[in-house]
Amino acid sequence: ARHFALIPAAGVGARLGGAIPKQYMPLAGKPMLQYALDTFAGNAAIAHTFIVVSAADGYIGDFLATQPQLADKVTVVRHGGETRQESVRNGLLAIRAHIADNDWVLVHDAARPGLNDALLDRLIAALHDDDVGGLLALPIVDTLKRSNASRVLETVPRNGLWAAQTPQMFRYALLQRALDAAQLQGRVGDITDDASAVEMLGLQPKLVEGSPRNFKVTLAHDVALAELFLQGQE
Ligand code: C5P
C-alpha cells in the first residue's frame, strides 16, 4: 500500500486573528504551510501530497509559484468545507481516482508546522501492519479540571489521557466510510479529528507518541513558541 498526505488548509484562523489566513502566516521566515509540505515532499514513503484549500483562497497559487521543488509532489484541491471534517471529506472524494481503498492517507493540520521526518517515520513504522490505523498523540501532563464557568466541578484523572495530534493515518476506504457514517448520523459537529470518526465505527486507533514540537498553532502567543521550535531545525 502507498502513503498519501492530505492537508486540510481551508480554515480562516479566526482565533489567531492575523491579517492573512494562518496557514500562510510567516513563521521563522517561511509561510506556516511550507513546513508540513516540505516534510511530506521530502519523505520517501509519501507518494504524493494533496492540500485542501477554500475555493476563494487567493494565496495558494502565488505560494506554490515560489516552490518549484514541490510542483510534481503536491496537488491543490480547491474545495474546502465549513468545518475541518468537511474539508477532509471533500479532499478524500477529490483524490478517489488516484488512490486505492487499501492505500494509507495521513491527514495533517496545516497548523502543525513542527512535524518532522522522525515523527513521520515513527508513525508510519508503528502502523505499517496495523488493521485500524492510528495517530500521533502525547500523554497529558497537566492536572485536568472540568468546570462550570470558572468553578471546578471535578478533577478528571489524567491517567490514560492523551492529547491527539496529527498526522492521523488510516486506510482510504476506512476513513471515508467513517466520515460518511459520522455525517449520516449527524455527528460531524461532535468530532474535531479523524480518529474520532473511526472510533464511532467501534474501532480502536493506535496511539503513537508524538512530540510537544508538533503542537497546533492556534492562538497569537503560539507563534513565538513555534518560531522557537522551528528556528535551528533547518
Ligand atoms: O481551526 P483549527 O486550527 O482547528 O484547524 C485545523 C486544521 O483544519 C487547519 O489546518 C485548518 O486550515 C483546517 N480547516 C479546514 N477547513 C475548515 C476549518 C479548518 O481545512 N473549515
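Q: Which helix does Y172 lie in?
A: Y172 lies in helix α5, which covers residues 172-184. Helices here are DSSP runs of H or I with at least four residues, strands are runs of E with at least two, and both are numbered from the N terminus. Residues are numbered from 1 along each chain as its sequence is written. The model is predicted, so local features need a pLDDT of at least 70 and side-chain atom pairs count only at pLDDT 80 or more, while totals for chains, interfaces and linings use all residues.

Q: Is Y172 buried or exposed?
A: Y172 counts as buried, because 22 C-beta neighbours lie inside 10 Å. The cut-off for buried is 20 or more other C-beta atoms within 10 Å, against 12 or fewer for exposed and partly exposed in between, with C-beta atoms placed from the backbone.

Q: What does Y172 touch?
A: Leaving out residues up to four places away in sequence, Y172 touches L92, I99, A100, D101, D103 and V105. A contact is a pair of C-beta atoms, placed from the backbone, within 7 Å. The C-alpha atoms of Y172 and I95 are separated by 9.9 Å, although the two residues are 77 residues apart along the chain.

Q: And L175, what is in contact with that one?
A: Apart from neighbours within four places in sequence, L175 is in contact with L92, V105, F170, D194 and V198.

Q: Which residues have the most contacts inside the largest nonpolar core?
A: They are L6, V105 and L175, in a core of 51 residues. Such a core joins buried Ala, Val, Leu, Ile, Met, Phe, Trp, Tyr and Cys residues through C-beta atoms within 7 Å.

Q: Switching to α1: why is helix α1 largely enclosed?
A: Helix α1, residues 32-41, is largely enclosed by the rest of the structure because 9 of its 10 residues are buried. Among them are M32, Y35, D38 and F40.

Q: How many helices and strands in total?
A: The protein has 7 helices and 11 strands. Of its 234 residues, 37% count as buried.

Q: Which residues come nearest the ligand?
A: P8, A10, G11, S87 and A110 come nearest, out of 17 residues around the ligand. A residue counts as near if its C-beta atom, placed from the backbone, lies within 6 Å.

Q: What confidence does the predictor give the complex?
A: The complex has an ipTM of 0.96 and a pTM of 0.96. The protein averages a pLDDT (the predictor's confidence in each residue, from 0 to 100) of 95, and 99% of the residues score at least 70.

Technical notes: Contact = placed C-beta atoms within 7 Å.
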